[in-house]
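Student: I would like to learn how to read individual features in a structural model. Could we go through some of them together, starting with a single side chain?

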Amino acid sequence: MSGRTSEAHHSAAITRVLEIVPYAAAILEHVDEIVASPAFKGSRRGQELLKHIIEKSLSGQFEELKERTLGVDLFGRPPAYNTTEDAVVRVAACDVRKRLTHFYAEPGPGWEVRIDLPPGSYIPEFHRSTREIADQAIPPAAPKVLGGNRAWRPFANRLLLAAVVAGLFWLVASRGVSAIHAAKPILPWSGIFERDKGVQVVLSDPDIAAVQNILDTNLSLSDYANHRYLPDKGISPEVQPAFRGYRGANVASVDTMIALNISDLARTASAHLRIHTARSMNLPDLKVDDNFILLGSPRSNPWARLFEDQLDFVFEYDEAGKQEIIRNRRPGSSEIAAYIPTARGFGTGSAYGIIGFVGNPGQTGEALLLAGSNAEATEAAGRLATNQMLLAGTLKNCGIDPRGATRHFEVLLRVTTMAGSPNTFDVVACHSLPSHEK
């Protein structure tokens, strides 16, 4: 989805459901053609794995596309089985990749979409093929930002964004009418879902985070807002083409799950969402009187820097440690001045996340920030923020009435991760923030 197209600015969540239904159906129909083909004949395991990962992707359940989870769900392995010694999932995935190659090598009709399973991943990729998907189902392709000709990236991004609302439709429908008559939302949702304001969700930009990690740089908000994604110096002409694929068209799987949960809350509050990627936004887009929800830390969503002056717990890039830490600007009793994550990437250790509810500077709207020092911490922040029962208890413990008047606050979480998955999290601190002058 491109920020230079108007589709992202006026399509509500329910409208997106109508757009994705025929598209998702076409994908599933194509999968049926694949598993029934000679290339997959006699491979029941390959057929089941392919159908499973496609269905999970289309419903936005990317957290279930991990080796151990697939081994348990599909191949009957015990939850604690040794994935190093038992390679059943890796072997099956390798077989699926080979059979997909054989399938598309055979002469046949021009497929609308090609499905690939990248090495080392269990999340499928969707590529445009010889025929275009119908215009009414798929918005126009995103314009080039960093160059390159990888048209499948915006295509896959639109699938992920559409999967958010497609999954929402299924989630809300499965819960029945009781969800629609849920109790009045608590803070911060009571402030976010105001009747007279729109709600805009800004997903993170994992591509820009990857570029910064590769180049060992720290992009400023000014450069991001002015579309200067690469440093002026230090990159040879020979190396620059390698970065053309990082166009901001990708969506983090963690964001899709958080957006699904937010959409569910919006449904119960009869509110409509507009969903954007961070790269699609321009500064004037945020200077309106809507309410905003931003996902990701400043390294993956630089727009979060617009709100950090109001926060006590602020993300700061540590040059020595080559990672984001959280600086405590107003340490309270038993609090420390800085919180240093020990979990790197998909490792085991601790990470930190924040839930920040603040005002939009210069506007009348509110902003909710859900961010973490890694994806697992962002996921934990999203889980707590969208679980109103747990969040209400957290706010009460902090001396904040969850059903009271709009009040700004910030919650700091410590998340323990094991092999790249969030294990447990606890609230380290909670600060009531001063009201921001609009």
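Student: Which backbone oxygen does the side chain of R407 reach?

Tutor: Bear in mind throughout that this is a predicted model. The side chain of R407 reaches the backbone oxygen of G399 at 3.4 Å, and the side chains of R407 and S432 are also joined by a polar contact of 3.1 Å. Once residues up to four places away in sequence are set aside, R407 touches L187, F357, G399, I400 and S432.

Student: How should I read D290, and which side chains make polar contacts with the side chain of D290?

Tutor: The side chain of D290 makes a polar contact of 2.7 Å with that of Q200 and another, of 2.4 Å, with that of R274. D290 sits in the loop between α11 (283-286) and β5 (291-295), and it counts as buried because its relative accessibility is 14%, where the cut-off for buried is under 20%. Residues that D290 touches, beyond four places in sequence, include G198, N360, G365 and E366, while the C-alpha atoms of D290 and K197 are separated by 5.2 Å although the two residues are 93 apart along the chain.

Student: How many disulfides are there, and which residues are joined?

Tutor: The count comes to 1 disulfide, which joins C398 to C430 with an S to S distance of 2.5 Å. The pair links distant parts of the chain, 32 residues apart, with C398 in the loop between α13 and β11 and C430 in strand β12 (residues 421-432). The link is right-handed, with 130° about the S-S bond. The two partners can also be read by accessibility: C398 is partly exposed, with a relative accessible area of 26%, whereas C430, at 18%, counts as buried.

Student: In what order do the strands of the open sheet run, and which strands stand at the edges?

Tutor: The open sheet is formed by 3 strands in the order β6-β7-β8, with antiparallel pairing. β6 (313-318) and β8 (338-339) stand at the edges, and each has a single partner strand, so one side of each is left without a neighbour in the sheet. β6 is joined to β7 (residues 323-328) by 6 bridges, and E316 stands opposite I325 in β7.

Student: What is the general idea behind a nonpolar core, and which residues of the largest one touch the most other members?

Tutor: In soluble globular proteins, nonpolar side chains tend to be buried together. Here the largest nonpolar core has 35 residues, of which W189, F193, I293 and I355 touch the most other members. Helix α10 (residues 253-268) contributes the largest share of this core, 6 residues. Apart from this core lies another, of 30 residues, among them L221, A304, L306 and L433.

Student: Which residues is W189 in contact with, leaving aside its neighbours within four places in sequence?

Tutor: W189 is in contact with I262, L265, I293, L368, A385, T386, Q388 and L391, when those sequence neighbours are left aside.

Methods. Residues numbered from 1 in each chain as written. Predicted model: local features only at pLDDT ≥ 70, side-chain atom pairs only at ≥ 80, totals over all residues. Heavy atoms only, no water. Contact = heavy atoms within 4.5 Å. Polar contact = N/O pair within 3.5 Å; in protein donor to acceptor, adjacent residues only side chain to side chain. Helix = DSSP H or I, 4+ residues; strand = E, 2+ residues; numbered from the N terminus. Buried < 20%, exposed > 50% of the residue type's maximum accessible area, 1.4 Å probe, protein only. Pairing = 2+ DSSP bridges. Core = buried A, V, L, I, M, F, W, Y, C linked by side-chain atoms within 4.5 Å. Disulfide = S-S within 2.5 Å.
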